[in-house]
Amino acid sequence: TLCSRFFLFTKIISTLFKIILYFKIIDIYQFNILSNHEQYYMVFTKGQFLYSIKYGTITYILYSLSKFWVKVLYDNRINKILEIGSFVGGDTLNRYSNVPNKI
């Protein structure tokens with residue numbers, strides 16, 4: 001049927017998009033226009049885990065991706081990612097260099 005063909009087509013396009021993202025090195029501007037799910041995919045498949053800091057129920061996780069950094073805020077209590085954000089350095093990166101100081 002037309003509906004099942006459309007579903008199959010969108011599944012193929014989605015898979016191809018993920019393959020393209022996996023092999024492509026993107027910059028921070030391209031990363032920022034991705035949807036949250038696409039950002040998660042990039043960080044968790046292409047990002048290099050660097051460090052994590054736990055403060056209360058929140059874990060701050062730092063990744064490097066290409067030529068920029070990505071922070072992920074995760075709430076352990078509710079098992080949910082609260083925020084994902086990218087940056088190139090500065091004060092945000094300094095927060096991770098002052099361990100064990102508070103974030």
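Is F68 buried or exposed, and at what relative accessibility? F68 counts as buried, at 2% relative accessibility. Buried here means under 20% relative accessible area, exposed means over 50%, and partly exposed lies in between (1.4 Å probe, protein chains only).

This is a predicted model: local features need pLDDT of at least 70, side-chain atom pairs count only at pLDDT 80 or more, and totals for chains, interfaces and linings use all residues. Residues are numbered from 1 along each chain as its sequence is written, and side-chain values use heavy atoms, with hydrogens and water left out.

**Aromatic pairs**

Rings of Phe, Tyr and Trp (its six-membered ring) pair if their centres lie within 6.5 Å; planes under 30 degrees apart count as stacked, over 60 as edge-to-face and the rest as tilted. By this rule there are four aromatic pairs. One of them joins F31 and F68: the ring centres are 5.4 Å apart and the planes stand at 50°, so the pair is tilted. F31 lies in helix α2 (residues 28-32) and F68 in strand β3 (residues 68-75), so this pair ties together parts that are 37 residues apart in sequence. Helices (H or I, at least four residues) and strands (E, at least two) are DSSP runs, numbered from the N terminus.

F49 and Y63 form an edge-to-face pair, with 5.9 Å centre to centre and 75° between the planes. F49 belongs to strand β1 (residues 48-55) and Y63 to strand β2 (residues 58-65), so the pair links parts 14 residues apart in sequence. Y40, F44, F49 and Y63 form one aromatic cluster.

| Residue | Relative accessibility | Class |
|---|---|---|
| F31 | 0% | buried |
| F49 | 43% | partly exposed |
| Y63 | 12% | buried |

**The sheet**

Four strands make an open sheet in the order β1-β2-β3-β4, with antiparallel pairing. Two strands pair if DSSP finds at least two bridges between them. β1 and β4 (80-87) stand at the edges, each with a single partner strand, so one side of each has no neighbour in the sheet. Neighbouring strands are turned by 20° against each other on average, direction ignored. Axes are lines fitted to C-alpha atoms, for helices over the stretch in contact, and angles run from 0 to 180 degrees between N-to-C directions.

β3 and β4 pair in the antiparallel sense over seven bridges. W69 stands opposite F87 in β4.

Helix α3 (residues 36-46) packs on the sheet and touches β1, β2, β3 and β4. Contact means heavy atoms within 4.5 Å. The direction of α3 makes about 75° with that of β4.
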